[in-house]
Structure formats: structure tokens, C-alpha cells
Amino acid sequence: MQEENAAAFELSACLSAADRARLAEWRRHGEATPGPLPAGVVPVRTRRVRAVGRGRLPDDGDVYVKVMGFPRPRDRIRYLFRALPAVHEARVLRYVARRGIPCPAVLAVWGRRRRGLPRLSCLVTRALPGSAGRADPEQAVLLAGRLADSGVYHPDFHMGNIVGGEDGVPAVLDLQSARIKRRGLCRRQRVAMLAKLLSDPLWPTAEAAPLLVRAGVLSPGEAAAAVERAARIRREETLTRIRRCLRDGSGYSVSRRWGRVVYERRVTNGPGGVAIEGGRELLRWWLGDRTREVLDGAEPALDRLCLHAWWVRQRHRVQTRCADEAEFRSTQVRGLEQAYSRYRALARGRP
């Protein structure tokens, strides 16, 4: 398939006529409305950038469908001179499968560009038989080692990319970020890939370095470097999750008008409570609220923050979930300030 063409469509040769008809139907839906999953495909993970769902073909059975509609200009520019994500991931999956590493089989790939800019990217893969739960740490390390030995560099390789198989052999998922290094991975790339894997909060940190050495994936010095780097990645990823409240994305919207910026949750618990005016402390509360949500799993107390420029003679405003201001100040403010202090300590690299 020539990905550079304005339109691309590729199907596996093993598909039946009924399966091909269903995939052609999904393709027509995607070209008409790029981004949403086709009808009949149940969402598994939906974000603003891409959606993943589980569907079923008449003869082949359960499949996973990954769709990108490129709603943001930065994503369209990013893939202006790159292969479409579905095309690239299909290449990597086939490369990995040829090396005997368990992964989903590619059934269909299609995409479309308009005036050179990507408009649609879709990948359909066969669901893995009998896959269940997360792989254990030792299996995950061995799988990472096999990928690295095969020349596959995955900078975002984490436990969510691995699924335990029915026969006890784990499989790798989601290779969109992976790159094929035909000359092999250098030491820095191997350490970086394993450090990303170790950054998972559920990893047994104390056992990480000995496990890497015992599995023969890294040397003792490299294992120590990977563990240290994993701790930095974990802190940086936590900060990134907290700071999403200041970025336009799937969880929050950011609108800028003359003299003001409005940050707002895309999903709230209803009409909301009282709005409170104030100074820069409202920004501390906003960050503290998100910090509690990320670190403690707490329910949010705020839904909207409006900041005005210094030349605008209006105070900042925050939308709370409390019925009145007195209730909010008595039950929430102290906790929000403490959570903001935790955020500041995390940003400074303190435990």
C-alpha cells in the first residue's frame, strides 16, 4: 500500500467476503465522519485524539478498532511528513510478529489525506485469544528484552502495553509509538525503554534492579540507571497529569478571550454550586484540587476557573461544587492549600 496516496485501504488476504463487506462499511463511516468509532463498535478507550473500540466481524470474530480523526492542528502538522499512525503501527506489528513475539494480527488499515494533511487513520486488529489481565513483572521484563533484541525501540513501553496470555505467554499491544532500529538498540535506548516500563506505580521498585540483571536484560550498572530514571519519569508523569487542568484536552477545555482565560472540566457533576471571586489564591486552589484528584483519587471540588488579565478590572472567579461560600471555605480551602503545597514539593523534586 502506498501511504503517500490521498486515500489508502488494505485488507488481510485471509478475510471472508462478509468480513470485507463489514470493514468496507466501517471505512465509509470513517470517511464520512472522521474520528468517531463506527456503529456497533463498543468504545474501550476514548480520547480527544483517538478512540479505541471492540467490534465483531461476521466470520473472523472479535476485533479492535483504533481510529484517529486529527481534530487538532498540531496533530495534522505532526503527521504531515510521517506515515499515518495506522500504517506505521501495522508495519511494526507485522515486523514483531515475524520475529515470533506475540502481538495482535493486522486485519485492515485505511487512511485519508486532504491536501497533504492527514484526515483519517484506522487500524483493525484481531483480538488476542484468551488474553486476561496484566503480565507479571518478570514476564514484562523478558518481553521488553525480546523487543529490544529484535531492534524495536518503544519509548512509551509500559505495563498497559502488555497483556497476559491464556498459555502464560504475554503479548505486546499498542506499538504506535515504537520504532524499528535495524542496527539494533544502543545502551541509552535500552535503558530508556526499561526505565519507562519500571515507572509503572505498581512495580515492585525494590526488586526492579535485581530482576533486570537476573533476566539478562541489563547489566548491574544499566539496571541502577534505569531504576533512577524510572523514579524521575514517575514524578514527571504525575506532574503532567496534574497540569492537564491547565491544558485543552479530553478532560479540560481552555478558552482564551480578550483579557481572560477560562479553564473548565469537560465533565461535571451537574449545574454546580456557588461561584467565588478572589485573587491568585484561586489558581492555587485549582491546582490543589487537581493534585488531590490525581494523588488521592479525591472527588473534585471545583469545575471552572476564570482568570482575568491585570488590566481588566475584574476579580478572578472559580465555580465550586458547594452550596454556599461559607461551606466551601470551612470544608475545602485548607485541604486545597495543603494539596497545592504537595504539588509544589513534587515540582521541586521533593518526595
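Colleague: Why are H4 and H5 called roughly antiparallel to each other?

Modeller: In this predicted model, helix H4 (residues 137-149) and helix H5 (residues 187-198) pack at an angle of about 155 degrees, with axes 11 Å apart. Axes are lines fitted to C-alpha atoms, for helices over the stretch in contact, and angles run from 0 to 180 degrees between N-to-C directions. Angles under 35 degrees count as roughly parallel, over 145 as roughly antiparallel, 65 to 115 as roughly perpendicular and the rest as oblique. H4 and H5 are therefore roughly antiparallel.

Colleague: Which residues of H4 and H5 make the contact?

Modeller: H4 contributes Ala140, Val141, Ala144, Leu147, Ala148 and Asp149, while H5 contributes Arg190, Met193, Leu194 and Leu197. A contact here means heavy atoms within 4.5 Å. Sorted by class, 8 of these residues are nonpolar, none is polar and 2 are charged. In that scheme Ala, Val, Leu, Ile, Met, Phe, Trp, Tyr, Cys and Pro count as nonpolar, Asp, Glu, Lys and Arg as charged, and the others, Gly among them, as polar.

Colleague: Is the crossing of H4 and H5 left-handed or right-handed?

Modeller: H4 and H5 cross in the right-handed sense. A crossing is left-handed if the near helix is turned anticlockwise from the far one by less than a right angle, and right-handed if clockwise.

Colleague: What makes H7 oblique to H10?

Modeller: Helix H7 (residues 220-242) packs against helix H10 (residues 333-347) at about 140 degrees, the axes being 10 Å apart. That angle makes H7 oblique to H10. The crossing of H7 past H10 is left-handed. On the H7 side, Arg235, Thr238, Leu239 and Ile242 meet Tyr343, Leu346 and Ala347 of H10. The residues of this contact divide into 5 nonpolar, 1 polar and 1 charged.

Colleague: And what makes H7 oblique to H8?

Modeller: The axes of H7 and H8 come within 9 Å and cross at roughly 125 degrees. H7 is therefore oblique to H8. The crossing of H7 and H8 is right-handed. Here Thr238, Arg241 and Ile242 of H7 meet Leu287, Arg290, Thr291, Val294 and Leu295 of H8. The contact of H7 with H8 has 4 nonpolar, 2 polar and 2 charged residues.

Colleague: How do you know that Ile233 is buried?

Modeller: Ile233, found in helix H7, has a relative accessible area of 14%. Buried means under 20% relative accessible area, exposed over 50% and partly exposed in between (1.4 Å probe, protein chains only). Ile233 is therefore buried at 14%. Leaving out residues up to four places away in sequence, Ile233 touches Ala195, Lys196 and Ser199. The C-alpha atoms of Ile233 and Leu197, 36 residues apart along the chain, are separated by 9.9 Å.

Colleague: Why is Ala208 called buried?

Modeller: Ala208 has a relative accessible area of 3%, so it is buried. Ala208 sits in helix H6 (residues 205-214) and touches Leu198, Trp203 and Val227, residues up to four places away in sequence not being counted.

Colleague: Why does Asp174 count as partly exposed?

Modeller: The relative accessibility of Asp174 is 21%, and the residue therefore counts as partly exposed. Asp174 lies in the loop between strand E9 (171-172) and strand E10 (179-180). Its phi is near 55 degrees, a positive value in a residue other than glycine.

Colleague: Where does Phe70 lie, and is Phe70 buried or exposed?

Modeller: Phe70 belongs to the loop between strand E4 (61-68) and helix H2 (73-78). With a relative accessible area of 2%, Phe70 is buried. Phe70 also has a positive phi of about 55 degrees, although it is not a glycine.

Colleague: How many helices and strands does the chain have?

Modeller: The chain has 10 helices and 15 strands. Helices (H or I, at least four residues) and strands (E, at least two) are DSSP runs, numbered from the N terminus. Of the 351 residues, 44% count as buried.

Colleague: Which elements have the lowest and the highest mean pLDDT?

Modeller: Strand E1 (residues 7-11) has the lowest, 71, and helix H8 (residues 281-296) the highest, 97. pLDDT is the predictor's confidence in each residue, from 0 to 100. The chain mean is 89, with 93% of residues at 70 or more. Over residues 1-6 pLDDT stays under 50. Where pLDDT is low, the predicted coordinates should not be read in detail.

Colleague: What conventions apply?

Modeller: Residues are numbered from 1 along each chain as its sequence is written, and side-chain values use heavy atoms, with hydrogens and water left out. For this predicted model, local features need pLDDT of at least 70 and side-chain atom pairs count only at pLDDT 80 or more, whereas totals for chains, interfaces and linings use all residues.
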